[in-house]
Amino acid sequence: MRPGLGPGRGALPLLGCLALLLLPPPAAAAEFSPSLDSDFTFTLPAGRRECFYQPMRKEASLELEYQVLDGAGLDVDFHLLSPKGETLVFDQRKSDGVHTVETEDGDYMFCFDNTFSTISEKVIFFELILDNMGEGGGQDQEDWKKYVTGTDLLDMKLEDILESINSVKARLSKSVQIQTLLRAFEARDRNIQESNFDRVNFWSLVNLGVMVVVSAVQVYMLKSLFEDKRKSRT
């Protein structure tokens, strides 16, 4: 028997559950840990530079990962600039990269530069992961706690449920991110294999043509050695 509980203690948990069912759903139930994840694949022509803009909030986190999936050399120049125009990241002729920055209010610009290539276009994949982008998250948490009051008698508190759901959501998001990256790696490896296959076929045909020409020359030379070049006198 728990200390401080009278004979009617068995009805209190049931009344608490009924009260929670009758209350309107709290705002925090629809917005747990604010996080956004998006990816994009595009073709960057030779001699061109493409830039993208991402609005960010203060004290948020921006994680960007990119890969060159196809194109000669599998390389590209990458720039990441702050809202003030300061260069935060510069990768020169890299095939992939992962960068994370703590952000402030404003638009962040990131560019992919293929101006060093004159004939080869590049297929580029990049993924953005934005953390702590929700608005009013602290107020939502306070609204949630308002409904938790009076449920201390329950074996599992609502804070524990919220924490478990956030943990599951974070792990699922990480799984989706890993699967997206694996698909990107698979696409790049497939493009490399197809390029190698075309090269092998091309040089095989070249070698075959050289062998046929050399064989024809050898036959002609051997035949010319056994020809009787003496002229018959009449």
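1. A disulfide here is a pair of cysteine sulfur atoms within 2.5 Å. With that in hand, a few friendly notes on this predicted model. Cys51 and Cys111 form such a bond, with their sulfur atoms 2.0 Å apart. The count by this rule comes to one disulfide. The torsion about the S-S bond of Cys51 and Cys111 is about 110°, so the disulfide is right-handed.

2. On the overall layout, the protein chain has three helices and eight strands. Following the sequence, their order is α-β-β-β-β-β-β-β-β-α-α. Of the 234 residues in the protein chain, 28% count as buried. Among contacts with a separation of 6 or more, 79% are between residues 24 or more positions apart.

3. Please take a look at His99, which is found in strand S6 (residues 96-102). Is this histidine buried or exposed? At 17% relative accessibility His99 counts as buried, because the cut-off for that class is under 20%.

4. What does the side chain of His99 make a polar contact with? The partner is the side chain of Asp91, at 2.7 Å. Leaving aside residues up to four places away in sequence, His99 touches Leu62, Glu63, Leu64, Tyr66, Phe78, Val89 and Asp91.

5. Next, the largest pocket, which holds about 180 Å³ of space. Its lining consists of Leu69, Asp70, Gly71, Ala72, Gly73, Leu74, Asn191, Ile192, Ser195, Asn196 and Arg199. Strand S3 (61-70) and helix H3 (158-225) are the elements that give two or more residues to this lining. Helix H3 gives the most, with five residues.

6. By class, the largest pocket is lined by four nonpolar, five polar and two charged residues. When you colour the lining by class, please keep in mind that Gly counts as polar here.

Notes
Residues numbered from 1 in each chain as written. Predicted model: local features only at pLDDT ≥ 70, side-chain atom pairs only at ≥ 80, totals over all residues. Heavy atoms only, no water. 1 Å grid on protein atoms, 1.4 Å probe; cavity = no way out; pocket = protein on both sides within 12 Å on 5 of 7 lines; lining within 4 Å. Points joined across faces, edges and corners; volume = space filled by probe spheres on them. Helix = DSSP H or I, 4+ residues; strand = E, 2+ residues; numbered from the N terminus. Buried < 20%, exposed > 50% of the residue type's maximum accessible area, 1.4 Å probe, protein only. Polar contact = N/O pair within 3.5 Å; in protein donor to acceptor, adjacent residues only side chain to side chain. Contact = heavy atoms within 4.5 Å.
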